[in-house]
Amino acid sequence: MGHKSSYLPLNYYDVHLENGRTFTHTVKADASIMLFTLIGDIEINGTAVKEKTAVKLTAGDTVIFTAKSDDTQVLYIESIAIDEPVAWAGPIVMNTQDELREAFRELQNGTFVKAKMDVE
């Protein structure tokens, strides 16, 4: 059984580029984009991004990056921006500090993993 998210669609590209080659992709205004450089370095708008680095892009209408290493591989992940607050601690990400505290209580009590998903 699966769950259809309210925040789909999700675009996911595994981009492979040779040194000096450029990736260009037009995006919608409400897009949220993250890149992760698996192999090699890239350059985005004159900024160098090293191998094994995650990058959250700011708003814009086009994503352009250029490979600065041979056999560059970049994960490109795009979805709809949800503009929600983020509270993070260790392996858990929630919306508020209260939700984080509750999650860690559940983790300690062994009730964090649920048998069924709560769907609103």
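**A walk around the predicted model**

Visitor: Is Leu107 buried, partly exposed or exposed?
Guide: This is a predicted model, so the answer is a computed one. The relative accessible area of Leu107 is 43%. Buried would need under 20% and exposed over 50%, so Leu107 counts as partly exposed.

Visitor: Which helix holds Leu107?
Guide: Look along residues 97-109. That run contains Leu107, and its name is helix 1.

Visitor: How much area does the nonpolar surface patch with Leu107 have?
Guide: A residue needs over 30% relative accessible area to join a patch, and Leu107 has 43%. Phe104, Phe112 and Val113 make the patch together with Leu107. Its area is about 360 Å².

Visitor: On to the strands. How many bridges join strand 2 to strand 7?
Guide: Strand 2 covers residues 22-26 and strand 7 covers residues 62-67.

Visitor: What is the bridge partner of Glu43 in strand 7?
Guide: Strand 4, residues 42-44, also runs antiparallel to strand 7, with two bridges between them. For Glu43, the partner in strand 7 is Thr66.

Visitor: Which strands each supply at least two residues to the lining of the second largest pocket?
Guide: That pocket holds about 300 Å³ of space. It is lined by 19 residues, and the closest to its centre are Leu57, Thr58, Ala59, Gly60 and Val63. The strands that each give at least two lining residues are strand 3 (31-39), strand 6 (54-56) and strand 7.

How values were computed:
Residues numbered from 1 in each chain as written. Predicted model: local features only at pLDDT ≥ 70, side-chain atom pairs only at ≥ 80, totals over all residues. Heavy atoms only, no water. Patch = residues over 30% accessible without salt bridge, like charges linked within 9 Å, V, L, I, M, F, W, Y side chains within 5 Å. Areas by Shrake-Rupley, 256 points an atom, 1.4 Å probe, with all protein chains shown as cover. Salt bridge = Lys/Arg side-chain N within 4 Å of Asp/Glu carboxyl O. Helix = DSSP H or I, 4+ residues; strand = E, 2+ residues; numbered from the N terminus. Buried < 20%, exposed > 50% of the residue type's maximum accessible area, 1.4 Å probe, protein only. Pairing = 2+ DSSP bridges. 1 Å grid on protein atoms, 1.4 Å probe; cavity = no way out; pocket = protein on both sides within 12 Å on 5 of 7 lines; lining within 4 Å. Points joined across faces, edges and corners; volume = space filled by probe spheres on them.
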